Amino acid sequence: MASDEQMIKIVGDQFCVPYTMQLVVKRKVESFSNVHYDVFDTTGNSLLQVDGGVWNSKKKRVIKDPAGFPVITLRKKALSWKKQWQIYQGESSEKNHFLCSVQRSNALQMKNNLDVYLASSYMEDGPDFHVTGSFTSMSFKVWKGNSVIAEVMHNFTWGTCMGKESFKLKVYPEVDYAFILALTVIMHETDKV
């Protein structure tokens with residue numbers, strides 16, 4: 001769990017709440033070239049949306065608020081051995097809007113593990129966060145040091161075979177749920193490639 005004394009704010013403090021947050025993420029391939037994610041709380045309120053192309057060379061996902069305004073943009077580096085993604089504020093790709101970098105822990109790995117480097121300490125003392133996946137499913141945990149700050153459970157259904165998937169996110173208190181959503185999207189996209 002996240003420490004009571006320290007808020008884990010990557011995207012913004014409006015995405016950090018003082019209680020454990022349960023979210024449902026629904027992923028749907030809308031067409032041959034577009035994928036869409038919707039994020040809901042347990043009462044069905046829409047919190048965030050993610051849009052992006054499936055078959056473009058520059059993979060880009062934009063996370064938007066319910067009004068459609070860009071919150072963050074996820075961009076995959078084109079020629080990256082460890083399948084690196086970079087996260088920026090808004091819909092920017094400017095250096096001064098860079099938040100963090102996410103990449104596979106090892107280029108040749110069987111299960112999907114990711115390392116997250118914040119812009120403030122980019123590649124200095126090792127990763128700021130670590131994401132550990134499972135051999136058998138898309139479920140994973142997000143770690144800061146020795147503490148689990150979020151858990152993501154993949155719900156396999158027959159809809160999964162037809163381009164519809166869902167995930168349950170458990171985000172611990174004072175942890176940025178938009179950041180955890182970004183890691184969920186990147187984990188899923190990295191695993192599928």
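Reader: Is Tyr177 buried or exposed?

Author: The model is a predicted one. A residue is called buried when its relative accessible area is under 20%. Tyr177 has 8% relative accessibility, so Tyr177 counts as buried.

Reader: With which residue does Tyr177 form an aromatic pair that is edge-to-face?

Author: The structure holds 3 aromatic pairs. In one of them the ring centres are 5.4 Å apart and the planes stand at 90°, and the partner of Tyr177 is Phe15.

Reader: How many residues apart in sequence are the parts that the pair of Phe15 and Tyr177 ties together?

Author: Phe15 counts as buried because its relative accessibility is 7%. Phe15 belongs to the segment before strand S1 (21-31), whereas Tyr177 is in helix H1 (residues 177-192), so the parts tied together are separated in sequence by 162 residues.

Reader: Which class describes the aromatic pair of Phe129 and Phe179?

Author: Phe129 and Phe179 are both buried. Planes under 30 degrees apart count as stacked and those over 60 as edge-to-face. For this pair the centres are 5.1 Å apart and the angle between the planes is 55°, which makes the pair tilted.

Reader: Which residue lies over the face of Phe129?

Author: Phe129 is in strand S9 (residues 129-133). At 5.1 Å from the centre of its ring lies Lys144.

Reader: How many disulfides does the count come to?

Author: Cys16 counts as buried at 10% relative accessibility, and Cys100 counts as buried at 0%. A disulfide requires a pair of cysteine sulfur atoms within 2.5 Å. By this rule, the number of disulfides is 0.

Key: Residues are numbered from 1 along each chain as its sequence is written. This is a predicted model: local features need pLDDT of at least 70, side-chain atom pairs count only at pLDDT 80 or more; totals for chains, interfaces and linings use all residues. Side-chain values use heavy atoms; hydrogens and water are left out. Buried means under 20% relative accessible area, exposed over 50%, partly exposed in between (1.4 Å probe, protein chains only). Rings of Phe, Tyr and Trp (its six-membered ring) pair if their centres lie within 6.5 Å; planes under 30 degrees apart count as stacked, over 60 as edge-to-face and the rest as tilted. Helices (H or I, at least four residues) and strands (E, at least two) are DSSP runs, numbered from the N terminus. A charge sits over a ring if NZ of Lys or CZ of Arg is within 6 Å of the ring centre and within 35 degrees of the ring normal.
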